[in-house]
Amino acid sequence: MQLSDKKATLSFSDDSASVEFPVYQGTIGPDVIDIRKLYGQTGMFTYDPGFLATASCESAITYIDGDKGQLLYRGYPIEQLAENCDFMDVSYLILNGELPDANQKQDFDSLVTHHTMVHEQLQLFMRGFRRDAHPMAVLTGLVGALSAFYHDSTDITNARHREISAIRLIAKMPTLVAMAYKYNQGQPYIYPRNDLSYTGNFLRMMFATPCEDYQVNEVVERALDRIFILHADHEQNASTSTVRLCGSSGTNPFAAIASGVACLWGPAHGGANEACLQMLEQLQAEGGVAKVGEFMEKVKDKSSGVRLMGFGHRVYKNYDPRAKLMQATCKEVLTALGLENDPLFKLAMELERIALEDPYFVDRKLYPNVDFYSGIVQRAIGIPTSLFTAIFALARTVGWIAQWDEMLSDPEYKIGRPRQLYTGAAVRDIKR
Ligand code: CMC
């Protein structure tokens, strides 16, 4: 970051002396006021619940311009990456800062492919879960358990260990998600196969059985790969901030990523795709397109507690660029699978049309986010609703681990330790 010529001055309405703070500039985006010395100079903290105005770190990985609806990974627009790259290119880019050349790509593909198997004993660990457990509950446990299986890569001060654990996590996540699915179905696990692509291999581990192999459909493979690309990283969102905060204590990478999985589960974050599809299915069951008007009235009535899932975003105050790409993918997949007249897709289009014209949504700058269409695509592919957030976690793992590594490589890194405005009882004595 670069020091700006500008300085910020904080003055008070009483006689306290004003204080000056340095201002730093990034490459693009808002400048930041460096308040690290605020407490030392004034004895005060800043108050910013939900971190609406706080840059918690310096990062060179992902940039979002919420007003423009722009998303960049390492400077490249998401639209160009979705058109020209596959998820392995994007993972390499996010981890290393540059897109791979042909040799680097081949080596990276091979490295990831050769780490897709998981320790056989993880199958025994799985057996402790109830078969009807939510896949995110299983995944949180499995990812945390990796630290018990791969302790030869948990020295966070060793760059080589960090690199191996990153590759292990990216490579094993599809295997773990597919295992969670197979366990729930009561089907045998399908081992990874090294002659398939990252995404093709995941599809096969999900849908093949020992009695019948699975032929990877190219349109489906490309669509799922695109879902992975679109979810790979998203700046300092709740789960990424959780990974950073958890990792800042010096804990091992598997434990830090497990904390990200747990955070992602919530319906305001990664769980929104599952909630969005459930909303569409319920609305369809209650009458579909004919009931959209009534449903929208409920959404606008704050006392109903109903939100239009898949709409709105903390940062995007414009159309989420990922939602546009996902809408196109959705059409492509439905056509390829002969599901053009899918009623849920039609319902989603109608909800979107009405919301984009309604002053409630227009005034609040509420637009569709990535989850609005990704659930329909996944449902068409045959992925059960309860697995949607696990797919998101699979894709976001590369972003989490890159952000974690960036934090540990930052010479200014410190354990995260927010302060508070205390409003509880003042000191008092026990009287008995
Ligand atoms: N439906 C109806 N009203 C909404 C919605 C919605 N989906 N989202 C926001 N609002 C209203 C909200 O009630 C508030 O109104 P008012 O100003 O009158 O009180 C205003 O819009 C601002 O909302 P907010 O909750 O203060 O905004 P936020 O930035 O804190 O929340 C959000 C962002 C994503 C949590 C929220 O928009 C939401 O709950 N959306 C639905 C869940 C969803 O789709 N989440 C996925 C996010 S994208 C995936 C990811 O990156 O994780």
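This is a predicted model: local features need pLDDT of at least 70, side-chain atom pairs count only at pLDDT 80 or more; totals for chains, interfaces and linings use all residues.
Two strands are taken to pair if DSSP finds at least two bridges between them. Between S2 and S3 lie six residues, and the two strands form a hairpin. The turn of this hairpin holds Gly29, with a positive phi of about 95 degrees.

On its other pairing, S2 (residues 19-25) meets strand S1 (residues 2-10) through six bridges, and these two strands run antiparallel. Within this pair, Lys7 has Pro22 of S2 as its bridge partner. Taken together, the three strands make an open sheet in the order S1-S2-S3, with antiparallel pairing. Because S1 and S3 each have a single partner strand, they stand at the edges, and one side of each is left without a neighbour in the sheet. As a reminder, strands of a sheet pair through backbone hydrogen bonds, either parallel or antiparallel.

Attention now turns to the helices, beginning with H3. Helix H3 spans residues 87-96 and is mostly covered, with eight of its 10 residues buried. The buried set runs through Phe87, Met88, Asp89, Val90, Ser91, Tyr92, Leu93 and Ile94. Both ends of the helix have a detail worth a look in the viewer. At the start of H3, the backbone nitrogen of Met88 has a side-chain oxygen of Asp86 within 3.1 Å; Met88 is also one of the buried residues of the helix. After H3 comes Gly97, and its phi is positive, near 95 degrees.

A further helix pair is formed by H9 (residues 218-230) and H18 (residues 388-409), whose axes come within 8 Å. The two axes cross at roughly 65 degrees, and the crossing is right-handed. The residues that meet here are Leu224, Ile227 and Phe228 from H9, and Ile391, Leu394 and Ala395 from H18. Sorted by class, this contact of H9 with H18 comprises six nonpolar residues, with no polar and no charged ones.

Methods. Residues are numbered from 1 along each chain as its sequence is written. Side-chain values use heavy atoms; hydrogens and water are left out. Buried means under 20% relative accessible area, exposed over 50%, partly exposed in between (1.4 Å probe, protein chains only). Helices (H or I, at least four residues) and strands (E, at least two) are DSSP runs, numbered from the N terminus. A polar contact is a pair of N or O atoms within 3.5 Å; within protein, one must be able to donate a hydrogen and the other to accept it, and residues adjacent in sequence count only if both atoms are side-chain atoms. Axes are lines fitted to C-alpha atoms, for helices over the stretch in contact, and angles run from 0 to 180 degrees between N-to-C directions. A crossing is left-handed if the near helix is turned anticlockwise from the far one by less than a right angle, and right-handed if clockwise. Contact means heavy atoms within 4.5 Å. Ala, Val, Leu, Ile, Met, Phe, Trp, Tyr, Cys and Pro count as nonpolar, Asp, Glu, Lys and Arg as charged, and the others, Gly among them, as polar.
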